[in-house]
Amino acid sequence: MTRRTTTALSAALALVTGLALAGCSSAGAADGEPRVEVAGAFIPEPVNADMAGGFLTVTNTGDTGDTLTSVTSDLSDDVQMHETKNQKMRQVTSFDVPAHGELRLERGGSHLMFMELKRTPKKGDTVRLRLNFKESGAIDVRVPVEDRTHNPATGRHDGHAATDGHGGHGSPQPSDHDGMRH
């Protein structure tokens, strides 16, 4: 082979490789859109018939952030979003989901509250949620009801709350939400 043929073959190989790699990338991965998924969702069986908490993780693999603006459910007509900062809880109107990041709703932190329950969910039941995002629209999720003491961070179901190591405040460890993807 001549030097000219080798150069031409190298250029052609580089072009074909580049096109092949471009074809393997996820469609629209760099289109500036949020790409949200929900995982690890659960509702602990409530201790009373009035309210229940909900926990999940929203992961955004997209290049743009999104905002969780509301949640509806077959369990309650009043689903609230609560933020916990400096051991103080307050109701908020939305949660941000950063680009290439996640929103964790977990025990001891930000979470969902189901007020004035239509029924009392029991372990093994499933609750339907609709998460409404500003950019991504609605995502429907089927959420299992777990033991009252369910904590994915520790795997404990024995009634002993794990603490965060700050003198027994009773805040559970952060959850890794390795539950089933919905």
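1. Gln87 is exposed, with a relative accessible area of 57%, where exposed means over 50% relative accessible area, buried under 20% and partly exposed in between (1.4 Å probe, protein chains only). This is a predicted model, in which local features need a pLDDT of at least 70 and side-chain atom pairs count only at pLDDT 80 or more, while totals for chains, interfaces and linings use all residues. Residues are numbered from 1 along each chain as its sequence is written, and side-chain values use heavy atoms, with hydrogens and water left out.

2. Gln87 sits in the loop between β4 and β5, and its phi is positive, at about 60°, although Gln87 is not a glycine. Asn86 is found in the loop between β4 (78-85) and β5 (88-92) as well, and has a phi near 50°, again a positive value in a residue other than glycine. Asn86 counts as exposed, because its relative accessibility is 76%.

3. On confidence, the protein chain averages a pLDDT of 78, and 68% of the residues score at least 70; pLDDT is the predictor's confidence in each residue, from 0 to 100. Residues 5-29 stay under 50 in pLDDT, and for them the model has six contacts beyond four places in sequence, a contact being heavy atoms within 4.5 Å. Over residues 158-182 the pLDDT is also below 50, but this stretch has 48 contacts in the model beyond near neighbours in sequence. Where pLDDT is low, the predicted coordinates should not be read in detail.

4. The protein chain holds one helix and ten strands, these being DSSP runs numbered from the N terminus (helices: H or I, at least four residues; strands: E, at least two). Among contacts between residues at least 6 apart in sequence, 66% join residues at least 24 apart.

5. Eight of the ten residues of β2 (residues 51-60) are buried, so that the strand is mostly covered. Strand β1 (residues 36-44) pairs with β2 in the antiparallel sense over five bridges, and a hairpin of six residues joins β1 to β2; two strands are taken as paired if DSSP finds at least two bridges between them. Strand β7 (residues 101-105) is also antiparallel to β2, joined to it by five bridges, and strand β8 (residues 111-115) runs antiparallel to β2 with four bridges.

6. Asn60 of β2 is the bridge partner of Val36, and the partner of Asn60 in β7 is Gly101. Ala52, for its part, stands opposite Phe114 in β8.

7. Which residues have the most contacts inside the largest nonpolar core? They are Leu56 and Phe114, in a core of 28 residues, where a nonpolar core is a set of buried Ala, Val, Leu, Ile, Met, Phe, Trp, Tyr and Cys residues joined through side-chain atoms within 4.5 Å. Leaving aside residues up to four places away in sequence, Phe114 touches, among others, Ile43, Met51, Ala52, Leu75, Val79 and Leu129. In soluble globular proteins, nonpolar side chains tend to be buried together.

8. For the chain as a whole, buried residues make up 36% of the 182 residues. The accessible surface comes to about 10,600 Å², of which 51% belongs to carbon and sulfur atoms; accessible areas come from the Shrake-Rupley method with a 1.4 Å probe, and for residues only the protein chains shown count as cover.

9. A search of the whole structure finds nine salt bridges, each defined as a side-chain nitrogen of Lys or Arg within 4 Å of a carboxyl oxygen of Asp or Glu. The side chains of Asp77 and Lys118 meet in one of them, at 3.0 Å from N to O. This pair links distant parts of the chain, with Asp77 in the loop between β3 (66-73) and β4 and Lys118 in the loop between β8 and β9 (126-133), 41 residues apart. Asp77 is exposed, with a relative accessible area of 71%.

10. Glu83 forms a salt bridge with Lys85, the closest N and O atoms being 3.8 Å apart.

11. Asp147 and Lys123 meet through their side chains in a salt bridge of 3.5 Å, N to O. Asp147 lies in the segment after β10 (137-146) and Lys123 in the loop between β8 and β9, so this pair, too, links distant parts of the chain, 24 residues apart. Both are partly exposed, Asp147 with a relative accessible area of 22% and Lys123 with 48%. Salt bridges that share partners join Asp74, Arg119 and Arg128 into one network.
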